[in-house]
Amino acid sequence: AAIGFAFDIYVVLVAPLILPAAMREFGVTKPADRNLWVGLLFWIPAMCGGVFGLIGGYLTDLFGRRRILVWSILLYTVSTMLTGFVTSPQQLLVLRCATFVGICVEFVAAVAWLAELFPNPRQREWVLGTTQAFSSLGGILAAATYYLSVTYGKSFPAVHGGHEAWRYTVISGVLPAIPLLIIRPFLPESPI
């Protein structure tokens, strides 16, 4: 859960790091066009995530916490991976929306799941507080990954025919999802 929450914030916070380079690569160079796309890429995914986060609460009640966790992580993982291969701002917008939907639904399901797994109030408070504290690491990880991508990207395998740091930074958001997808199906369903 702690790793998941850290990378939820990681994926949200990569946008300010990657958008300038992505817009240049897409040929969006006029200031008015760039400002429009950056605005759309900040607000529309957040709105989609918020709406689907609310729906995610209903879905977790209907289908179970663990099942929704797994499917939301799968959505987040696939859309994050595909984001590294986009060729236009429109594609980036659609995939960022899908990523935010996965993150927000996962976040709601994970908090409900953790709260219900620990019926003892002190233990529940400690678990929720500790795992939420790891969210702060997401920003540090995003900045560090972007730095490493800018510094060493030329020695990484080419992505979409090039060595753009923004693509490596986005795709690296998939890495923690792999063990989470392996582990989470084996975790117990909420007893409630």
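Helices here are DSSP runs of H or I with at least four residues, strands are runs of E with at least two, and both are numbered from the N terminus. A word on the source: this is a predicted model, where local features need pLDDT of at least 70, side-chain atom pairs count only at pLDDT 80 or more, and totals for chains, interfaces and linings use all residues. Residues are numbered from 1 along each chain as its sequence is written, and side-chain values use heavy atoms, with hydrogens and water left out.

So, the fold. The protein chain has eight helices and zero strands. Its pattern along the sequence reads α-α-α-α-α-α-α-α. The radius of gyration is 17 Å, close to the 16 Å from the globule rule for 192 residues, so the protein chain is as compact as a globular protein of that length. That radius is taken over C-alpha atoms, and the rule is 2.2 Å times the number of residues to the power 0.38. The C-alpha trace spans about 55 × 35 × 25 Å along its principal axes.

Contact means heavy atoms within 4.5 Å. Of the contacts with a separation of 6 or more, 77% join residues 24 or more positions apart.

Next, the interior. Buried means under 20% relative accessible area, exposed means over 50%, and partly exposed is in between (1.4 Å probe, protein chains only). Buried residues are 44% of the 192.

A nonpolar core is a set of buried Ala, Val, Leu, Ile, Met, Phe, Trp, Tyr and Cys residues joined through side-chain atoms within 4.5 Å. The largest one has 30 residues, and Met23, Phe26, Tyr76, Leu92 and Trp166 touch the most other members. Which helices each supply at least two residues of this core? They are α1 (2–25), α2 (31–63), α3 (65–83), α4 (89–117), α6, α7 and α8. The largest share, eleven residues, is from α1. A second, separate core has ten residues, including Leu69, Ala109, Ala110 and Trp113.

Look at Met23. Beyond neighbours within four places in sequence, Met23 contacts Val28, Arg34, Trp37, Val38, Leu41, Pro89 and Leu92.

Now Ser135, in helix α6. Is Ser135 buried or exposed? At 11% relative accessibility, Ser135 counts as buried. Leaving out residues up to four places away in sequence, Ser135 touches Phe5, Ala6 and Ile9.

On to the loop between α6 (135–152) and α7 (165–171), where Phe156 sits. Phe156 is partly exposed, at 29% relative accessible area. Residues up to four places away aside, Phe156 touches Leu148, Ser149, His163 and Tyr168.

His160 is also in the loop between α6 and α7. Most residues other than glycine have a negative phi. His160 has a positive one, near 55°. His160 is partly exposed, at 45% relative accessibility.

Last, the surface. Accessible areas come from the Shrake-Rupley method with a 1.4 Å probe, and for residues only the protein chains shown count as cover. The total for the protein chain is about 9900 Å², with 73% belonging to carbon and sulfur atoms.

Leu175, Ile178, Ile182, Ile183 and Phe186 make a nonpolar surface patch of about 570 Å². Patch residues have over 30% relative accessible area and no salt bridge; like charges are joined within 9 Å, and nonpolar side chains (Val, Leu, Ile, Met, Phe, Trp, Tyr) within 5 Å. A salt bridge is a side-chain nitrogen of Lys or Arg within 4 Å of a carboxyl oxygen of Asp or Glu. Ile182 lies in helix α8 (residues 177–183). Ile182 is exposed, at 54% relative accessible area.
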